[in-house]
2 protein chains.
Amino acid sequence: MSNDKPIGVFDSGVGGLTVAREIMRQIPGERIVYFGDTARVPYGNKSQATIIRFARQIVRFLETHEVKAIAVACNTASAYALEVLEREIDIPIIGVVKPGARTAVRTTKNGRVGVIATEATIHSGMYTRYIHSIDPDVAVFSKACPLFVPLVEEGMIHDFVTEEIANRYLEELKRQHIDTLILGCTHYPLLRSLLGRCMGSEVELVNPAYETAVSLRELLREKDLLAEAPPEGRMPAHSFYVSDGADKFEVFANSILPYELRKTQIVDIETY
Amino acid sequence: MSNDKPIGVFDSGVGGLTVAREIMRQIPGERIVYFGDTARVPYGNKSQATIIRFARQIVRFLETHEVKAIAVACNTASAYALEVLEREIDIPIIGVVKPGARTAVRTTKNGRVGVIATEATIHSGMYTRYIHSIDPDVAVFSKACPLFVPLVEEGMIHDFVTEEIANRYLEELKRQHIDTLILGCTHYPLLRSLLGRCMGSEVELVNPAYETAVSLRELLREKDLLAEAPPEGRMPAHSFYVSDGADKFEVFANSILPYELRKTQIVDIETY
């Protein structure tokens, strides 16, 4: 396995770009092949069987690009499909749930952790399970927040309506006196300041995108798969694929990535 | 073509059940084969090429049930795919956009009509085009309302947050002094009372689901395809298929259909 092969990163849509961005920052030598399943987005309200079928197709697509490792940048796919994929493929694969869970356990002082995510991620119980596998004494309180993704996509990031809805969703978690809150969906870090205000300054917010890039770097180092750091001012030739709406994807990508995205290609993912 | 063959009805998810319900009410002898594409819902934020590909797969599935006619119960699919499908298949096919447009033209007194729908339906311009094909002098004002579907699915039908968002979306239409408003997405009739309050009693709300069932009955009569009316107290054996989440679908279906839905079957629609 050669070190200059790319890393595959996939998500149900644009949200996983927050993970890609962290990888670019933390391991700038790595070339990324990104796939966003914009034709079938969102995953958060779908069943495990369907998520596994979608994830398998995407892994087969990424394998045609000879990726040396895969980061599942979608919480729902990490929660529902990662364990199955790990058994089926030979290259290292990492999700966002485990790194987020690990950091939450390290962060909490009072042993009370909250998780907010899509319906599917919460329903999977994966955050709770991972947290308990590290420390069974941590109490985990979960809440699905289905309106956050559409509100972010409507650009209502600083809006009293979003704040009102956040207050309703988070009321119960506040009553449980959590001191750590996992933002268990890739869109949620975009609501960070509003969520921070809502929870109060004594609650730490954990962003799994950041932690996933840290874990990926460790994993690549351990397997001796790290790429060379690029020469000053040069960047690897990342590539971006979606299953629908390349133009819309590029607008969002260019609003959050540290460089201008040139060409997004459409993939008929159902044929993989 | 035999009259006792079923009618195919399809939608991106559960919303098209409002059309199925109207068909059951208005032509109670017709047997329905319903397909909801719950694995790939929503359609409203996707491209025309993708919607056409999805719709073709669904039509091929419905053809395996030997349907005598098809009702496209999804505004987005009607707007983007109906004209293509009409050219490709031999059986009659009807969408929700034309009947809704026709009724709006009949309803307006001041010649000013509003349309609210998903981004894709508004972007297609189909409501405006159909209205102008009937009466080029009618002024059409359109507004995409992407948050209405997730708000309805969160059950926030009577909620001041939904009312606040509706007031923002509809502000411009109110300033244009429309007297008729097309509810151009199958979820929106569930917000009828809130939207009526927001627009005021002088604005008529048009529900394309109702009008589609009227048009379908006319079409079947014209082609001599109407089924016999069933004996008193008997109902045809409707069948329901989805691409994901049969249980969740049944809960919604049983909340709006006039009878208890027994068995929803899962279809792997990508293989059609």
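This is a predicted model: local features need pLDDT of at least 70, side-chain atom pairs count only at pLDDT 80 or more; totals for chains, interfaces and linings use all residues.
## Two domains in chain A

Chain A is assigned two domains: domain 1 takes in 7-95 + 210-271, and domain 2 takes in 98-208. Their C-alpha centres lie 23 Å apart. Where they meet, 23 residues of domain 1 of chain A are in contact with 19 residues of domain 2 of chain A.

On the domain 1 side of that contact, the elements giving two or more residues are helix H1 (17-26), helix H3 (75-88) and helix H10 (208-222) of chain A. H10(A) gives the most, with 5 residues. Sorted by class, this side of domain 1 has 10 nonpolar, 10 polar and 3 charged residues.

## The nonpolar cores

The largest nonpolar core has 90 residues, and the ones with the most contacts inside it are Val9(A), Ile23(A), Ala71(A) and Val72(A). Helix H2 of chain A (residues 48-63) gives the most to this core, with 7 residues. Because domain 1 and domain 2 of chain A both give residues to this core, it lies between them.

Take Ile23(A) as an example. Leaving out residues up to four places away in sequence, Ile23(A) touches Ile7(A), Val9(A), Glu30(A), Ile32(A), Ala71(A), Ala213(A) and Leu216(A). There's also a second, separate core of 89 residues, which includes Ile122(B), Val152(B), Leu195(B) and Tyr210(B).

## Where the chains meet

How many residues does each chain bring to the contact? Chain B brings 15 residues and chain A brings 15 residues. On the chain B side, the largest share comes from helix H8 (residues 160-175) of chain B, with 3 residues. By class, the side of chain B that touches chain A has 6 nonpolar, 3 polar and 6 charged residues.

## Backbone details in the loops

Each chain has a cis peptide bond to look at. In chain A, the bond from Val41(A) to Pro42(A) is cis, with omega near -5°, and Pro42(A) sits in the loop between strand E2 (32-36) and H2 of chain A. In chain B, Val41(B) and Pro42(B) are joined by a cis peptide bond with omega of about -5°. Pro42(B) is in the loop between strand E2 (32-36) and helix H2 (48-63) of chain B.

Chain B also has some positive phi values at residues that aren't glycine. His177(B) has a phi of about 55° and lies in the loop between H8 and strand E7 (180-183) of chain B. With 13 other C-beta atoms within 10 Å, His177(B) is partly exposed. Asp224(B) has a phi of about 60°, and its loop runs between helix H10 (208-222) and strand E9 (239-242) of chain B. Is Asp224(B) buried or exposed? Asp224(B) counts as exposed, because it has 8 C-beta neighbours inside 10 Å.

## An exposed glutamate in chain A

Glu260(A) sits in the loop between helix H11 (246-256) and strand E10 (264-266) of chain A. Glu260(A) has 8 C-beta neighbours inside 10 Å, so it counts as exposed. Glu260(A) and Gly29(A) are 231 residues apart along the chain, and their C-alpha atoms are separated by 18 Å.

Conventions. Residues are numbered from 1 along each chain as its sequence is written. Chains are lettered from A and ligands numbered from 1 in the order in which they are written. Two residues are in contact if their C-beta atoms, placed from the backbone, lie within 7 Å. Helices (H or I, at least four residues) and strands (E, at least two) are DSSP runs, numbered from the N terminus. Ala, Val, Leu, Ile, Met, Phe, Trp, Tyr, Cys and Pro count as nonpolar, Asp, Glu, Lys and Arg as charged, and the others, Gly among them, as polar. A nonpolar core is a set of buried Ala, Val, Leu, Ile, Met, Phe, Trp, Tyr and Cys residues joined through C-beta atoms within 7 Å. A residue is buried if 20 or more other C-beta atoms lie within 10 Å of its own, exposed if 12 or fewer, and partly exposed in between; C-beta atoms are placed from the backbone. Domain bounds come from an automatic or database domain assignment.
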